[in-house]
Amino acid sequence: MRTWGSVLILVVCALLLGGCWDRTEINDLAIITAAAVDKAEESEIVLSIQVFIPRAVGGPGLGGPTGSSERALTTILSAKGENIADAMSKVQSKLPRKIFWGHCKVYLFGEAVAKDGIAGHIDFLVRHPEPRNRAYLYVSKGKAGEHLGNNSLLERSTAEALRELASLHLGMAVTLIDFRNMLNGESRAVVLPYIEAGSKLEKPAQIQENTLLLGSAIFRKDKMIGVLSTKATRGLLWLRDEIIRASISVQIPAGQGRVSVMPIRGKTKLIPAIEDGKWSILVKIEAEGDIVENGTKLDMMEMSSNALVQKAVEDDVRSRIELALYHLQKELNADVTNFAAAFHRKYPQKWHEAKQNWDKIYPQIEVSTQIHITVRRPGLVTDSVGHPGSHDKRK
Amino acid sequence: MLETGKISALQIGMLIYPVVMSTAMLSGPSLMAQQAQNDLWLSPLWASLGGFFSVWIAIQLNKRFPGMSIIELAREITGKAPAAVLGFLYLYVLLQANAVIVREYADFIAYFLQETPLVLIMGALILVCSLAVKGGIEVMGRTAQVFFPAFILPLLMMIGLVFPALDPGNLLPILDKGLLPSVKGAYIPLGWFSEMFLISYLLPSLSDRKYAATSAFFAVVGAMLTMVIVNMVTLFLMGDALDNVLFPIMDTARYVNVADFFENMDSAVMAVWVIGVYVKVSMFYYATVLGTAQWLNLTSYQPLILPVGMLILLFCFWGVPSVYIVKEAAAVAIPALFVLFFCFIPAGLLLWAIVRGKRNRTEEAESG
């Protein structure tokens with residue numbers, strides 16, 4: 001009798017697990033995979049969402065594989081509104097299912113809306129319990145909504161493609177939570193990855209030709225003020241101590257050719273100093289890399305050529321950093337490298353006095369670099385395959 | 001004695017640790033960050049002094065009056081009439097505090113169960129707790145012991161998983177504006193640590209009394225360390241944005257992402273929070289019910305369980321109309337009330353007892 005009693009209790013408890021009033025059936029949800037915000041007339045915005053079509057996934061079944069690949073996996077809906085919440089309720093009226101943000105991994109902002117400020121939109125995403133903290137943010141040239149309708153060559157949708165792109169660490173990868181933290185940080189400057197206009201990436205041929213990632217969009221507070229090129233963005237990534245998975249190619253005059261090095265790991269330290277009222281920062285980089293291509297006549301196993309390569313890579317990294325800083329300090333005056341926090345941490349007293357004038361101090365900060373790149377391994381061959389035995393001393 | 005069950009010293013520690021931590025788990029880091037900014041990891045250190053103090057007072061009172069809770073021993077010390085007034089105030093504070101805790105819980109759950117009526121969320125919790133209280137102290141002690149690993153492990157796992165994303169640099173500069181902000185930040189957790197005085201209701205049922213102090217001491221130290229670690233982890237992850245985030249630990253759990261596959265751990269944090277709140281609400285519930293029975297000189301506390309549960313449910317609505325009032329109460333009134341009722345008044349009673357040389361001789365002869 002007792003056992004049956006406990007079984008009964010368990011069954012009743014299991015029934016309650018459905019969630020009573022808040023039970024949600026998955027076939028009552030419209031799952032958003034990406035959302036884009038663009039500027040409309042006056043103060044209005046256009047919210048476009050990419051909605052997943054569940055029917056299309058089931059596979060071709062017995063009907064054969066032909067034709068099924070033509071079916072779109074996602075559809076696009078958009079509506080105008082005063083802000084995201086307003087536009088969303090208008091989009092909702094076009095859909096028979098409840099909009100669900102929990103699987104939205106990518107948010108795109110059009111350039112125009114980014115220039116007007118996106119704090120309000122970010123607030124919606126951070127305040128609403130559904131959107132994920134780890135969703136990636138992008139700023140798109142032109143209209144962001146155009147991206148959503150595009151097909152991706154490899155992935156299921158552009159949303160998935162953009163998410164994978166972020167995890168490759170070729171440029172900036174900024175999540176919602178990173179954006180919020182940067183906006184609340186000391187320097188109140190934000191950087192987001194900047195991508196090509198969607199209209200230029202519509203057809204497979206265009207995707208093959210054009211690069212998606214154009215660099216990074218620089219924000220002061222929540223308003224976009226400028227763009228950094230891909231080259232300068234790499235410099236910024238070094239300064240921000242973020243991982244870069246892109247090879248560095250340098251010219252080696254002594255070997256009459258180019259060598260490419262892939263950075264494996266690196267550590268950047270910002271060491272601030274204030275002397276006689278002069279603010280300066282020492283950027284200290286320690287990094288390691290492997291040689292991935294050798295177009296020179298040098299043997300990469302030789303100590304001397306290793307030193308040449310290291311020196312050349314160090315110079316290259318330095319020039320990228322200087323390029324990034326030139327744009328950031330002199331042109332945009334946006335402290336996305338977060339020098340402010342470095343000074344605050346080391347000189348709390350002086351920081352509180354100077355905080356108000358940070359806009360004037362930041363462009364004047366003298367930056368010196370101390371870069372040390374170690375080339376660990378030469379790859380699988382010694383000298384270039386194009387110049388076999390060029391180092392041979394028996395000759 | 002009304003309570004005949006016995007619990008071990010270890011169980012006392014496991015009952016009292018979630019009492020402090022379950023509230024701190026919800027908004028602790030951001031509440032402390034609002035005052036202390038990046039020195040918030042120091043605040044639990046100051047606040048834990050309140051915990052040590054209230055636990056020490058409870059143990060000292062228990063030594064003088066073994067087998068008596070604060071309601072009974074107040075009668076021994078001050079006489080009948082003042083003790084009746086004091087007892088009423090105690091019960092009222094316990095009841096109202098419990099209502100605020102239940103309401104806080106329900107409002108948090110309501111973020112996710114938006115359409116479920118609050119009364120159902122609260123009613124379900126109170127019903128479960130009433131079953132635990134009906135089972136008596138032994139049941140509460142054992143459930144606390146069973147749930148303890150479930151309370152700790154997800155938290156540790158979460159910290160382990162976000163570890164690579166942490167930036168210890170956010171800790172600097174230490175003591176940017178001196179010690180004062182971190183002391184101010186200790187005000188709210190001071191209230192939570194004072195709640196540890198509730199062991200006063202557990203000590204009479206303790207089977208191995210010589211370990212009482214050790215167990216309570218470890219519970220305070222454990223709660224303090226957990227708070228310091230949790231504060232640091234959330235600060236390292238969010239930096240200056242921390243004071244703006246309502247539920248930092250849930251936010252941290254949402255950040256977890258291992259191989260694009262193991263993510264969305266916030267449900268685990270909610271489960272932890274439910275376990276902690278269950279222990280906490282049962283403790284307050286038990287103290288209210290037992291105290292009322294002692295206050296009214298009843299022979300059993302069982303008939304009071306359901307009526308008191310009903311009262312808690314009503315107080316959830318009467319006293320706290322919205323989440324904003326909960327915030328106001330939790331930030332200002334409740335810490336002050338708890339420090340007064342769980343630190344200063346018991347300390348006053350102890351002082352009075354020492355001055356008047358009062359102690360409960362009969363009970364001591366029995367146990368000694």
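## Two domains in chain A

In this predicted model, the centres of domain 1 and domain 2 of chain A, taken over C-alpha atoms, are 31 Å apart. The bounds, from an automatic or database domain assignment, are 28-56 + 71-228 for domain 1 and 231-395 for domain 2.

Where they meet, 18 residues of domain 1 of chain A contact 19 residues of domain 2 of chain A (contact: C-beta atoms, placed from the backbone, within 7 Å). On the domain 1 side, S8(A) gives the most, with four residues. By class, that side has nine nonpolar, seven polar and two charged residues (Ala, Val, Leu, Ile, Met, Phe, Trp, Tyr, Cys and Pro count as nonpolar, Asp, Glu, Lys and Arg as charged, the others, Gly among them, as polar).

## A helix pair in chain B

Now to chain B, where helix H2 (residues 43-64) packs against helix H14 (residues 323-356) at about 40°, with the axes 9 Å apart. Helices are DSSP runs (H or I, at least four residues) and strands likewise (E, at least two), numbered from the N terminus. Axes are lines fitted to C-alpha atoms, for helices over the stretch in contact, and angles run from 0 to 180 degrees between N-to-C directions.

Among the residues meeting here are B:Phe53 and B:Ile57 of H2(B), and B:Phe342 and B:Leu350 of H14(B). By class, this contact has twelve nonpolar, three polar and one charged residues.

## Reading the model

Residues are numbered from 1 along each chain as its sequence is written, while chains are lettered from A and ligands numbered from 1 in the order written. Local features need pLDDT of at least 70 and side-chain atom pairs count only at pLDDT 80 or more, whereas totals for chains, interfaces and linings use all residues.

Methods:
Two residues are in contact if their C-beta atoms, placed from the backbone, lie within 7 Å.
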